[in-house]
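You asked for a colleague's reading of this model before you plan around it.

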Number of protein chains: 2
Amino acid sequence: MKVEFFYEFASTYSYPAAMRVGRLAEAAGVDVLWRPFLLGPIFGAQGWNDSPFNIYPVKGQYMWRDMARICKADGLILKEPVRFPQNGLKAARLALLGSDEGWGASFTRAAYLANFAEQEDISDDRVLAAILKALSLDPAATIARANTPEHKARLKTQTEEAIARGVFGAPSFFVGDELFWGNDRLEDALEWARR
Amino acid sequence: MKVEFFYEFASTYSYPAAMRVGRLAEAAGVDVLWRPFLLGPIFGAQGWNDSPFNIYPVKGQYMWRDMARICKADGLILKEPVRFPQNGLKAARLALLGSDEGWGASFTRAAYLANFAEQEDISDDRVLAAILKALSLDPAATIARANTPEHKARLKTQTEEAIARGVFGAPSFFVGDELFWGNDRLEDALEWARR
């Protein structure tokens with residue numbers, strides 16, 4: 001039994017999802033496949049060149065209030081990121097590498113905390129290097145592996161796969177072909193995986 | 001303790017919300033204020049002249065699948081409405097009248113069932129008349145009361161109030177000034193009301 005967790009580092013609701021998916025899935029006896037991807041190409045195809053939460057400010061205002069309630073209930077710090085939406089490209093490449101090498105979940109949680117709790121700039125190599133170092137990885141060598149043309153292409157492929165499978169936002173969960181969208185659908189996805 | 005329930009008859013997720021809000025609120029000891037309104041002016045102001053689920057088909061496809069799962073879990077029949085989005089103007093005027101006169105909740109549930117479970121055309125006076133008759137109301141007299149200029153203006157005012165308070169979709173719940181958007185936030189709204 002497994003659930004595929006598609007997430008984007010700029011996505012607000014992906015933050016509480018990333019912080020709890022491992023714990024809840026473990027309790028449910030379900031494996032998690034950590035699958036970072038990019039929302040930019042998806043939003044671009046819908047004619048948006050910014051987060052819909054910025055394009056529709058009333059919806060954005062609600063989202064931040066909703067996030068505050070969710071994070072409070074989950075015991076998570078929430079501080080306005082240094083920019084929104086953040087550029088999560090470098091973090092996504094590293095997370096994908098980490099997903100291959102066994103440190104993807106830890107890196108992902110640390111990068112979400114840096115962006116949404118610590119007001120660090122996760123598009124800055126120095127911030128990413130500090131996260132990698134805390135995971136006992138060699139920052140320069142790891143960043144170099146994440147920046148090879150082959151690896152860059154893999155993140156592109158992962159995003160294209162998400163689009164082909166009907167992903168239109170983040171976080172998204174797949175159990176086989178069954179899609180669940182949103183942090184608030186995580187429990188449903190895990191229940192589906194256990195059927 | 002009370003929760004204001006803002007709903008639009010064309011809105012898919014308002015259907016399961018309308019079918020369970022009375023029951024859940026009663027169990028929580030919370031009163032429900034049934035507040036029909038129109039999404040059209042809100043979507044229009046965002047530049048949409050159709051449901052976002054039609055404008056963004058991938059999102060629409062997911063929504064119908066998600067609705068199928070929700071309705072199955074709630075024991076509700078779900079059949080594709082005769083048109084989507086349905087024109088809920090007449091039903092909303094009647095529901096608002098019913099909200100004043102004490103039959104708003106029953107009318108609302110019957111109209112949602114007609115639209116989403118029975119493939120009836122709720123923009124048709126005959127369908128609405130049959131619902132009113134089943135509630136032991138005089139259909140012609142009731143429809144006439146709902147169609148006075150004063151009453152039409154009241155629905156417009158209610159929609160304007162929703163916009164002014166930050167409503168951008170349906171269903172929406174208010175506990176005082178605290179806004180909760182979506183059928184999946186009903187439990188949170190009731191918990192907030194009980195604090």
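This is a predicted model: local features need pLDDT of at least 70, side-chain atom pairs count only at pLDDT 80 or more; totals for chains, interfaces and linings use all residues.

1. Local features are described only where pLDDT is at least 70, and side-chain atom pairs count only at pLDDT 80 or more. Totals for chains, interfaces and linings use all residues.

2. Relation of the copies. Chain B is superposed on chain A by a rotation of 180° with 0.0 Å of shift along the axis, and the RMSD is 0.0 Å. The two copies are thus related as by a two-fold rotation axis. Which residue of chain B comes closest to that axis? It is B:D184, whose C-alpha lies at 3.9 Å from the axis.

3. The shared surface. Of the interface residues of chain B, 100% are also interface residues in chain A, so the copies meet through the same surface.

4. The sheet of chain A. Four strands form an open sheet in chain A, in the order β2-β1-β3-β4 and with mixed pairing. Its edge strands are β2 (31–36) and β4 (178–181), each of which pairs on one side only. From one strand to the next, the twist averages 25°. Strands of a sheet pair through backbone hydrogen bonds, either parallel or antiparallel.

5. A:F5 has A:W34 as its bridge partner in β2(A). Helix α10(A) packs on the sheet and touches β1, β3 (172–175) and β4 of chain A. The direction of α10(A) makes about 10° with that of β3(A).

6. The hairpin in chain A. β3(A) and β4(A) form a hairpin, with two residues between the strands. In the turn, A:G176 has a positive phi of about 60°. A:V175 has its bridge partner in β4(A), namely A:E178.

7. The sheet of chain B. Chain B has an open sheet of four strands in the order β2-β1-β3-β4, with mixed pairing. The edge strands are β2 (31–36) and β4 (178–181) of chain B, and each pairs on one side only. The twist averages 25° from one strand to the next. β3 (residues 172–175) and β4 of chain B pair in the antiparallel sense over four bridges, and the bridge partner of B:V175 in β4(B) is B:E178.

8. The second largest pocket. How much space lies in the second largest pocket? The volume is about 1,200 Å³. Its lining has 36 residues, and those nearest its centre are A:D184, A:R185, A:E187, B:D184 and B:E187. One of these, B:D184, is also the residue of chain B that comes closest to the rotation axis. Both chains contribute helices: α4 (57–74) and α10 (186–193) of chain A, and α4 (57–74) and α10 (186–194) of chain B, each supply at least two residues of the lining.

9. By class, what lines the second largest pocket? The lining has 24 charged, 10 nonpolar and two polar residues.

10. The largest cavity. Rolling a probe the size of a water molecule over the atoms shows where empty space is left. The structure holds two cavities of 30 Å³ or more. The largest cavity has a volume of about 50 Å³ and is lined by A:K90, A:R93, A:L94, A:D125, A:L128, A:I143, A:A146 and A:N147. Helices α5 (89–101), α7 (125–134) and α8 (139–146) of chain A each supply at least two of the lining residues, and α5(A) gives the most, with three. The lining has four nonpolar, one polar and three charged residues.

11. The second largest cavity. In chain B, B:K90, B:R93, B:L94, B:D125, B:L128, B:I143, B:A146 and B:N147 line the second largest cavity, which has a volume of about 40 Å³. α5 (89–101), α7 (125–134) and α8 (139–146) of chain B each supply at least two residues of the lining. The largest share, three residues, comes from α5(B). By class, the lining of the second largest cavity has four nonpolar, one polar and three charged residues.

How values were computed. Residues are numbered from 1 along each chain as its sequence is written. Chains are lettered from A and ligands numbered from 1 in the order in which they are written. Side-chain values use heavy atoms; hydrogens and water are left out. Copies are superposed by least squares on the C-alpha atoms of residues with pLDDT of at least 70 in both. Contact means heavy atoms within 4.5 Å. On a 1 Å grid over the protein atoms alone, a cavity is a set of points where a 1.4 Å probe fits but cannot get out, and a pocket is an open set with protein on both sides within 12 Å along at least five of seven lines; lining residues have an atom within 4 Å of a point. Grid points are joined across faces, edges and corners, and a volume is the space filled by probe spheres set on the points. Ala, Val, Leu, Ile, Met, Phe, Trp, Tyr, Cys and Pro count as nonpolar, Asp, Glu, Lys and Arg as charged, and the others, Gly among them, as polar. Two strands pair if DSSP finds at least two bridges between them. Axes are lines fitted to C-alpha atoms, for helices over the stretch in contact, and angles run from 0 to 180 degrees between N-to-C directions.
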